[in-house]
Amino acid sequence: MIAKPRGLFPAVTFLLFSILTPLLLVMFAMPKQRLEEKKYIQEGIYVVCEVNSTLTLGGKQTVTGIYHDAKGTEICAGIIANRHTEAGERLFGYVLPDQPDVVYCPAPRWKKIMYSIVMLIFFLSGAFYLLYYLYEYAVYRLLTRRGSHAEATLTRVWLTGRGMHGNFRFLGKSGRIYERELDLSAGSFSVSIGERFGLLYYELKSGKCIARICLPKKQSK
């Protein structure tokens, strides 16, 4: 018997997490940030400030700087930089008339684009994980219901980050000789080149086939 796919619960959990996390950010965190940015741009006064000190604690950076108001008066203010910055750097931001001691710098466009890309990759990773499980389960059902048995010869073995893999050669019922790269990680195999393994396979109309190695008898269910 071939190994039954595992990991449905982790796959579903990861997908839900990858969907809910960006969704919650879009619903709660991002609207607040956008409203704050819109207020500063529409109601604030454009200023150029120079960073004179930075303090980083726990990954959060506190920034102060100096700018000159319309009268030329030098004002020391806290800076909401929305990115990592260094002392001596010039930043462009906005100051609200009733809060001259706070300079707000809109997040760079590239940062917003990168955030969107990261969220997209996060979602696609979750979707791929679940789709991969569903594919493997569909293969399992196909082979256990309609697959044929064969003996395959191991011709090559190698290790990857996901475990041990081998190249197998076997003869199908159609008379075709197939070569398949199959996962050997599901069972505790002691392998050697030329060894023969039992497998289940299904021949497709395209001339290709789907195959999986059978578990050793002591692990069969």
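Modeller: Cys209 is buried, with a relative accessible area of 5% (buried means under 20%, exposed over 50%, partly exposed in between, with a 1.4 Å probe and protein chains only). The sulfur of Cys209 lies 13 Å from the closest cysteine sulfur, in Cys214, which is too far for a bond. This is a predicted model, in which local features need pLDDT of at least 70 and side-chain atom pairs count only at pLDDT 80 or more, while totals for chains, interfaces and linings use all residues. Residues are numbered from 1 along each chain as its sequence is written, and side-chain values use heavy atoms, with hydrogens and water left out.

The structure holds 0 disulfides (pairs of cysteine sulfur atoms within 2.5 Å). Cys49 is in no disulfide, and its nearest cysteine sulfur, that of Cys105, is 5.0 Å away. Cys49 is buried, at a relative accessible area of 1%.

As for charged pairs, the whole structure has 4 salt bridges (a side-chain nitrogen of Lys or Arg within 4 Å of a carboxyl oxygen of Asp or Glu). One of them joins Glu136 to Arg212, with the closest N and O atoms 3.1 Å apart. Glu136 sits in helix α2 (residues 109–146) and Arg212 in strand β10 (residues 209–213), 76 residues apart; helices (H or I, at least four residues) and strands (E, at least two) are DSSP runs, numbered from the N terminus. Glu136 is buried, at 17% relative accessible area, whereas Arg212 is partly exposed, at 21%.
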